[in-house]
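Subject: Structure handover

Hi,

Here is the structure we talked about. My notes follow below it.

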Amino acid sequence: MANMDAIKAILKHSPDTLSILRRKSVTREVLFSYLDEKDIVMKAPITKNELIDKIMEFWNIKRADVITTVSCRNNEETISETKPLREDSNSISALAEQFAGWFYSLMNDEGVGPENFYPDAKMKINLHSNNDCDTTVVEDDPDGLAQQLLRIKLQHGIFFNPNVSKEGTQGRMDPHGLVVVLVCGTLHVQKTCVGVFEQVFSLARDPFCDNNWKIKNSELNLRSKSAVMGQPRLCDSELTSNLLSLPSS
């Protein structure tokens, strides 16, 4: 009975089948054994993501494209659970919206880990206060980059509230084939709005990490404002408005 109660609890609090298969406790060995029992043909070596694909195909469940973050350090694989893209849309805009929700959810929690950045990733952070601008650039150092983001968040106690409407979050393709995510929103300290932010990301799939999305580079503007009238828009910022002319597909 205890095992059945545990199974019911897992099913109740899991958004979908994919999130269950991605749990750390569901190892590659477990998935491999299941497929082997069902006489499903597999070619070794095979990753956990590929095993999940095989199972989803066997169950006749369509797997939508997803944003996943995988740590490939020391040959260990840690997969975070993420919300799949809507099945009726594979557009870059849908990807941008999902990415924004995922990224700032992490930022507002324990921060974004270094495994989500390429080794040569670069980030520029501009902190605007009154007429001053303090700029920090971190490159070729995923650990330092993640720590810098967390340091700014903790130092100022800020909460990121992205504008996930079409006016505040969009996706584009740059000439080099990278997916560009444009986001803006408001900054809060406790329940008080203290400013706005704009951020641009360039994303690329990592072929050495199960083809998952990682951040190639980013630029973040943090602007202190005493009075914010409504949600900011991408077209109002020089950082993001100049990129809106890029193609969206």
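Helices (H or I, at least four residues) and strands (E, at least two) are DSSP runs, numbered from the N terminus. This is a predicted model: local features need pLDDT of at least 70, side-chain atom pairs count only at pLDDT 80 or more, and totals for chains, interfaces and linings use all residues. Residues are numbered from 1 along each chain as its sequence is written, and side-chain values use heavy atoms, without hydrogens or water.

**The α3/α4 region**

V41 sits in the loop between α3 (28–37) and α4 (48–58). V41 is exposed, at 66% relative accessible area (exposed is over 50%, buried under 20%, partly exposed in between; 1.4 Å probe, protein chains only). Its C-alpha lies 9.2 Å from that of K54, 13 residues apart along the chain.

K54 also belongs to the α3–α4 contact (heavy atoms within 4.5 Å). On the α4 side are K48, L51, I52, K54, I55 and F58; on the α3 side, R28, L31, F32, Y34 and L35. These contact residues comprise 8 nonpolar, no polar and 3 charged (nonpolar: Ala, Val, Leu, Ile, Met, Phe, Trp, Tyr, Cys and Pro; charged: Asp, Glu, Lys and Arg; polar: the others, Gly among them).

**Helix α6**

Helix α6 (residues 142–156) has 15 residues. Its buried residues are P142, G144, L145, A146, Q148, L149, I152 and K153. Their cover includes α5 (92–107), β3 (117–129), β4 (132–139) and β9 (212–224). G157 follows α6, and its phi is positive, near 60 degrees.

Best wishes

Definitions and conventions. Expected span 1.5 Å × (residues − 1).
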